[in-house]
Amino acid sequence: MLAVIDYKMGNIRSVAKAFELLGADVIITSKAGDIEKAERLVLPGVGAFSDGMRNLKELNLINILNKEIVNNKKPFLGICLGMQLLAKESEEFGRHEGLGWVDAEIKGFKFENNKLKVPHVGWNNINIKKPNDLFGGIKNSAEFYFVHSYYMFCKEEIITADCDYGIRFAAAIRQDNIFATQFHPEKSQTTGLKLLNNFLNWKGL
Amino acid sequence: MIKTRIIPCLLLKDGRCVKGINFSNYRDVGHPITNAKIYDAQGADELIFLDIAASTEKRKILIDIVEKTADECFMPLTVGGGIRSLEDIGNLLRAGADKISVNTIALEDPKFISESSRKYGKQCIVVSIDYKLNDKKELEVFTHGGTKPAGKSPFDWAIEAANLGAGEILLTNIDKEGTRGGYDIGAIRKISDSVNIPIIASGGAGSLEDLKRGVEEGHASAVSLASILHFTDQNVIKARNYLSTHGIDVRTDA
């Protein structure tokens with residue numbers, strides 16, 4: 001069973017439906033019992049960082065997620081805000097503490113003279129730096145759909161794919177059983193579904 | 001680098017797709033989910049649904065269409081029409097929308113832009129601006145299907161909306177809409193160059209060259225297409241190939 005964590009942040013339906021289409025047994029949940037039972041966990045989400053953290057706290061999800069993901073090392077996929085929340089802190093609307101599983105901080109895009117528009121919306125090429133099973137069958141410069149104003153600033157070692165939008169930023173990271181993408185695989189048509197299918201077969205090792 | 005987006009725009013009325021000219025004389029152009037699936041298969045970069053007859057009572061029809069589309073099309077969806085509250089936005093996002101287009105409510109209560117942008121993220125809020133020449137031969141923003149003047153110039157309103165936290169602007173010239181006579185390049189360019197958020201050019205695309213002009217001369221980040229898809233033999237694939245051949249960076253994997 002795959003659990004899509006429902007913490008009231010944005011469009012989680014598409015993620016669940018995409019996994020269902022790929023044949024997964026999917027549950028959308030915010031219950032500790034379901035999260036304990038699930039073999040893989042997905043944290044999607046869009047919206048403000050501080051709201052995301054507040055909702056995780058209010059729903060008492062932080063301890064159970066720590067236990068199942070950090071301690072029990074279940075295969076985990078974070079998408080968009082679900083990637084950013086893994087960081088230590090974010091500068092979105094003031095300083096906010098994140099889950100801190102990944103040594104990273106969340107910064108906003110800033111360009112002088114409006115050189116590039118913010119948010120970064122649309123399809124962009126990723127550049128796979130560390131091929132792994134999750135990118136199986138996906139070409140090195142594949143196009144994915146992005147929609148965000150903030151990005152993860154982290155150590156090179158964990159960046160598995162980056163993306164160029166005025167600066168090179170982390171498009172996907174991996175740290176042990178934790179895999180996360182700034183882009184939306186569930187909105188990236190066939191290429192995105194391929195990545196989600198790879199996640200279903202990933203052991204997190 | 002980021003690709004120029006090709007975005008089919010479907011107008012909805014009572015559960016069907018319609019298309020008119022200058023915001024009137026609508027005719028039926030098919031079933032929304034069938035159309036959405038065709039555009040998805042052709043590799044459209046996003047899809048816009050605008051409910052032109054939205055009301056609280058009919059809200060369920062729109063939500064149902066969004067759910068069914070999102071269950072089958074794994075592509076970005078922008079949905080709008082009759083948005084009146086933060087709750088409306090939340091309901092459409094839960095149904096599978098990724099971005100919400102707001103129009104009348106933003107003009108009536110501009111702080112709605114900042115509130116919704118703060119709650120759902122700036123990238124989620126698309127401010128839709130419909131404008132045309134008024135009696136004084138000046139460009140003015142209109143609401144209610146182009147019948148009610150809002151007393152603002154589209155240029156000032158675009159800057160104000162961007163400052164309030166809009167993530168994108170869907171810019172439609174009502175005089176051009178449905179005519180297939182080309183986009184309002186001048187206004188698109190002026191607004192695109194004056195705000196630091198993406199502009200979606202809308203209203204008037206009738207040929208593939210119009211799309212190219214919207215991007216090259218209008219500096220639009222995305223082009224919205226409707227009549228050209230409904231009433232000519234052009235499609236998303238041909239549009240993408242044409243733009244690519246003419247040196248515009250569009251998706252190649254699609």
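Two strands are taken to pair if DSSP finds at least two bridges between them, and the views that follow, all drawn from a predicted model, begin with a sheet described in those terms.

**View 1. An open sheet of four strands in chain A.** The strands of this sheet follow the order β6-β5-β7-β10 in chain A, and their pairing is mixed. At the edges stand β6 (96-97) and β10 (150-154) of chain A, each of which pairs on one side only.

**View 2. The pairing of β5 with β6 in chain A.** Strand β5 of chain A, made up of residues 89-90, runs antiparallel to β6(A), and the two are joined over two bridges. Within this pair, A:Glu89 is placed opposite A:Glu97, a residue of β6(A).

View 3. Most peptide bonds are trans. The bond that joins A:Val118 and A:Pro119, by contrast, is cis, with an omega of about 5 degrees. A:Pro119 belongs to the loop that lies between β7 (104-108) and β8 of chain A.

**View 4. A:Cys80, a residue with positive phi.** Most residues other than glycine have a negative phi. A:Cys80, although not a glycine, has a positive phi of about 55 degrees, and its place is in the loop between β4 (76-79) and α5 (81-84) of chain A. Because 29 other C-beta atoms lie within 10 Å, A:Cys80 counts as buried, the cut-off for that class being 20 or more.

**View 5. B:Asn22, a residue with positive phi in chain B.** Here too the residue is not a glycine, and the phi of B:Asn22 is positive, at about 55 degrees. The loop that holds B:Asn22 lies between β2 (16-21) and β3 (24-30) of chain B. B:Asn22 has 16 other C-beta atoms within 10 Å and is therefore partly exposed, since that class falls between the limits of 12 or fewer for exposed and 20 or more for buried residues.

**View 6. The contact between chain A and chain B.** Chain A gives 32 residues to this contact, and chain B likewise gives 32 residues. On the side of chain A that touches chain B, the elements that give two or more residues are α1 (13-21), β8 (120-128), β9 (143-148), β11 (159-165) and α6 (189-200) of chain A. The largest share of that side, five residues, is supplied by β8(A). Sorted by residue class, the side of chain A that touches chain B holds 12 nonpolar, 13 polar and seven charged residues.

How values were computed: Residues numbered from 1 in each chain as written. Chains lettered and ligands numbered in written order. Predicted model: local features only at pLDDT ≥ 70, side-chain atom pairs only at ≥ 80, totals over all residues. Contact = placed C-beta atoms within 7 Å. Nonpolar A, V, L, I, M, F, W, Y, C, P; charged D, E, K, R; others polar.
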